[in-house]
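Here's a quick walk through the fold, the helix packing and the ligand shell. Have a look at the model first, then read on.

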Amino acid sequence: MDYIPGPHQRLFKIFEEIRRFVGERMNVHKVSLDPNCPRDFIDAFLIKIQEEQKNSDSVFTEESLVGSTINLFVAGTETSSTTLYFGLLVLLKFPEIQGNNTHVLSKWRTQGMFVVCLEGSSFNHDSKSYLGT
Ligand code: HEM
């Protein structure tokens, strides 16, 4: 692959930049960490590292914190974008879904939910269907 030109040549450099960025975020979290009040995943992980400080076999290390945080982004990005992609594709392929349910969509939006309701459409005659919350 070293000899084939293309965007993959920048992959490792970009990955290193992401790793450095997450490392920086971890350090920012460390400075303001309150073990009694974890704010997010990084805080919870840092607390776990502290708890397991004496265990030399612990998997909770700063390196695995950075790796796990990146994993969450990588795992979530393609899956969520593909789901949105296919959701929009279904709406394009079955435009009657949008037209038939304008009223129901508005109703559910006011409850703070992102809902695609297929009720009454040819796609689903039985009941409401939801995509996301
Ligand atoms: C519609 C969106 C998503 C779909 C369809 C989806 C699908 C999946 C599937 C099928 C697996 C199991 C893979 C396997 O075991 O072979 C998985 C695992 C995982 N997903 Fe998602 N995912 C979605 C969104 C997300 C998001 C938003 C995140 C992170 C914020 C995420 C994080 C993960 C992680 C960390 C795993 C590995 C879990 C483990 O093995 O312990 N996923 N996902």
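A quick word on terms: a helix here is a DSSP run of H or I with at least four residues, and helices are numbered from the N terminus. By that count, Phe-15 sits in helix 1, which covers residues 11-31. Keep in mind that this is a predicted model.

**Overall fold**

The protein chain has five helices and zero strands. Reading from the N terminus, the elements go α-α-α-α-α. Of the 133 residues in the protein chain, 7% are buried. As for contacts between residues at least 6 apart in sequence, 29% of them link residues at least 24 apart.

**How the helices pack**

| Helix pair | Axis approach | Crossing angle |
|---|---|---|
| Helix 1 and helix 2 | within 10 Å | roughly 70 degrees |
| Helix 2 (residues 41-51) and helix 3 (residues 62-93) | within 10 Å | roughly 155 degrees |

Take helix 1 and helix 2 to begin with. Angles from 65 to 115 degrees count as roughly perpendicular, so helix 1 and helix 2 are roughly perpendicular to each other. Their crossing is right-handed. On the helix 1 side, the contact uses Arg-25, Met-26, His-29 and Lys-30, while helix 2 brings in Ile-42, Asp-43 and Leu-46. Sorted by type, the residues of this contact come out as three nonpolar, one polar and three charged.

What about helix 2 and helix 3? Are they roughly parallel or antiparallel to each other? Angles over 145 degrees count as roughly antiparallel, so helix 2 and helix 3 are roughly antiparallel. The crossing of helix 2 and helix 3 is right-handed. Here helix 2 contributes Phe-41, Ile-42, Phe-45 and Ile-49, and helix 3 contributes Glu-62, Leu-65, Ser-68 and Thr-69. That contact splits into five nonpolar, two polar and one charged.

**Back to Phe-15**

Is Phe-15 buried or exposed? Phe-15 counts as exposed, because it has 12 C-beta neighbours inside 10 Å and the cut-off for exposed is 12 or fewer.

**Around the ligand**

Which residues surround the ligand? They are Asn-71, Leu-72, Ala-75, Gly-76, Thr-79, Ser-80 and Thr-83.

Technical notes
Residues numbered from 1 in each chain as written. Predicted model: local features only at pLDDT ≥ 70, side-chain atom pairs only at ≥ 80, totals over all residues. Axes fitted to C-alpha atoms, helices over the stretch in contact; angles between N-to-C directions. Helix = DSSP H or I, 4+ residues; strand = E, 2+ residues; numbered from the N terminus. Parallel < 35°, antiparallel > 145°, perpendicular 65-115°, else oblique. Left-handed = near helix turned anticlockwise from the far one by under 90°. Contact = placed C-beta atoms within 7 Å. Nonpolar A, V, L, I, M, F, W, Y, C, P; charged D, E, K, R; others polar. Near = placed C-beta within 6 Å. Buried ≥ 20, exposed ≤ 12 C-beta atoms within 10 Å, placed from the backbone.
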